[in-house]
Amino acid sequence: MANEAHLALLKQGVEVWNSWYAENPDSAPDLTGADLRERNLREVNLAGANLREADLSHTDLSMANLQEANLFMASMEETSFYTASLKG
């Protein structure tokens with residue numbers, strides 16, 4: 001189950017999320033099982049995030065930082081990863 005505070009921050013938009021994450025670099029974002037379908041998450045920083053079993057279908061993750069993110073069993077049907085960083 002996703003951390004509700006993390007999910008609420010992300011729902012406020014990429015700019016809010018990235019600002020919070022820059023100020024809290026030691027946080028381990030937990031978005032386990034989150035419904036993130038059809039969202040514009042272009043340029044979001046989700047490095048090290050737990051996205052296990054999250055629904056990312058039809059989501060724009062172009063230019064996103066997903067380094068070391070856990071994407072195990074995540075739904076990614078028609079998700080855009082154009083120039084996203086998926087290292088690790």
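1. Let's start at Glu68. Glu68 has a relative accessibility of 57%, so this residue counts as exposed (the label exposed is for over 50% relative accessible area, buried for under 20% and partly exposed for values in between, with a 1.4 Å probe and protein chains only). Glu68 sits in the segment after helix 2, and its phi is near 65°, a positive value in a residue other than glycine. Most residues other than glycine have a negative phi.

2. A word on what you are looking at: this is a predicted model, in which local features need pLDDT of at least 70 and side-chain atom pairs count only at pLDDT 80 or more, while totals for chains, interfaces and linings use all residues. Residues are numbered from 1 along each chain as its sequence is written, and side-chain values use heavy atoms, with hydrogens and water left out.

3. Glu53 is worth a look next. Its phi is also near 65°, positive in a residue other than glycine, and Glu53 lies in the segment after helix 2. With 47% relative accessibility, Glu53 counts as partly exposed.

4. In soluble globular proteins, nonpolar side chains tend to be buried together.

5. Which residues does Leu36 touch, not counting those up to four places away in sequence? They are Leu7, Leu10, Leu41, Leu51, Asp55, Leu56 and Thr59, where contact means heavy atoms within 4.5 Å.

6. How do the two helices meet? The axes of helix 1 and helix 2 come within 6 Å and cross at roughly 130° (axes are lines fitted to C-alpha atoms over the stretch in contact, with angles from 0 to 180 degrees between N-to-C directions). That makes helix 1 oblique to helix 2: under 35 degrees counts as roughly parallel, over 145 as roughly antiparallel, 65 to 115 as roughly perpendicular and the rest as oblique. In this contact, His6, Leu9 and Leu10 of helix 1 meet Val16, Trp17 and Trp20 of helix 2.

7. The aromatic rings deserve a point of their own. The whole structure holds three aromatic pairs (rings of Phe, Tyr and Trp, the last by its six-membered ring, with centres within 6.5 Å; planes under 30 degrees apart are stacked, over 60 edge-to-face and the rest tilted). Trp17 and Tyr21 make a tilted pair, 6.0 Å centre to centre with 45° between the planes. These two residues lie in helix 2, four residues apart, about one turn of the helix, and both Trp17 and Tyr21 are buried. Trp20 and Tyr21 form a stacked pair, 6.0 Å centre to centre with 15° between the planes. Together, Trp17, Trp20 and Tyr21 form one aromatic cluster.

8. Finally, find Val14 in helix 2. Is Val14 buried or exposed? Val14 is buried, with a relative accessible area of 16%. Leaving aside neighbours within four places in sequence, Val14 is in contact with Asn40, Leu41, Arg42, Glu43 and Val44.
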